[in-house]
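This briefing is intended to be read alongside the sequence and the coordinates. Please keep both in view while going through the points.

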Amino acid sequence: MSRPLRYPVTLSAEQEQTLHGMTMKGSGKARVMTRARILLLAHRQVTDSAIKDALGISVQMVQATRKRFALGGLDAALFDAPHTGRPAKFDGKDRAAITALACSEAPEGHAQWSTPFRA
């Protein structure tokens, strides 16, 4: 006898229809499509190892997707949260200035702009 699932997946009819539409359309990020398929199979009471074999993924991915759905809902299960990280070096104003400079005439004595990089 198997132990009960820690994070069972129960989809509403609307959620199931949304996921089914996403997977049938076939356009979008592969990661999102895989997660949608995981949720659909988990909703149909397919075991984690059977989902793993059917989709060619790890059991950890199946379990993580189940957990994200149970704790955060459909959007949390399908989409990654924004990542923190190093802030951009240049803001929009800096990029606009660089673009304007690059589109201007080349310096006197030169036929075109060059990018000499010396460390």
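The model is predicted: local features require pLDDT of at least 70, side-chain atom pairs count only at pLDDT 80 or more, and totals for chains, interfaces and linings use all residues. Residues are numbered from 1 along each chain as its sequence is written, and side-chain values use heavy atoms, with hydrogens and water left out. Helices are DSSP runs (H or I, at least four residues), numbered from the N terminus.

**Helix H4**

- Helix H4 covers residues 59-72, and its end C-alpha atoms are 20 Å apart. This agrees with the 20 Å that its 14 residues should span at 1.5 Å a residue, the expected span being 1.5 Å times one less than the number of residues.
- Val62, Thr65, Arg66 and Phe69 are the buried residues of H4; buried means under 20% relative accessible area, exposed over 50%, and partly exposed in between (1.4 Å probe, protein chains only).
- In general, an α-helix has 3.6 residues a turn, so residues three or four places apart point the same way.
- Gln60 and Leu71 are exposed on the other side of H4.
- The packing partners of the buried H4 residues are helix H1 (13-25), helix H2 (30-43), helix H3 (48-55) and helix H5 (74-78).

**Nonpolar core**

- The largest nonpolar core has 17 residues; such a core is a set of buried Ala, Val, Leu, Ile, Met, Phe, Trp, Tyr and Cys residues joined through side-chain atoms within 4.5 Å.
- The residues with the most contacts inside this core are Val9, Leu11, Leu19, Leu39, Phe69, Leu74 and Leu78.
- H1, H2, H4 and H5 are the elements that give two or more residues to this core, and H2 gives the most, with 6 residues.
- Val9 touches Leu39, Ala42, His43, Arg66 and Phe69, not counting residues up to four places away in sequence; contact means heavy atoms within 4.5 Å.

**Salt bridges**

- The structure holds 5 salt bridges, each defined as a side-chain nitrogen of Lys or Arg within 4 Å of a carboxyl oxygen of Asp or Glu.
- Arg35 and Asp80 meet through their side chains in a salt bridge of 3.0 Å, N to O. Arg35 lies in helix H2 and Asp80 in the loop between H5 and helix H6 (92-103), so the pair ties together parts that are 45 residues apart in sequence.
- Arg35 is buried at 9% relative accessibility, whereas Asp80 is partly exposed at 33%.
- Asp80 also forms a salt bridge with Arg68, with the closest N and O atoms 3.6 Å apart.
- Salt bridges that share partners join Arg31, Arg35, Arg68 and Asp80 into one network.
- Asp53 pairs with Lys52 in a salt bridge whose closest N and O atoms are 3.1 Å apart. Asp53 is exposed, at 58% relative accessible area, and Lys52 is partly exposed at 28%.

**Backbone and loops**

- Gly73 follows H4 and has a positive phi, near 95°.
- Gln45, in the loop between H2 and H3, has a positive phi near 65° although this residue is not glycine.
- Most residues other than glycine have a negative phi.
- Gln45 is exposed, with a relative accessible area of 62%.
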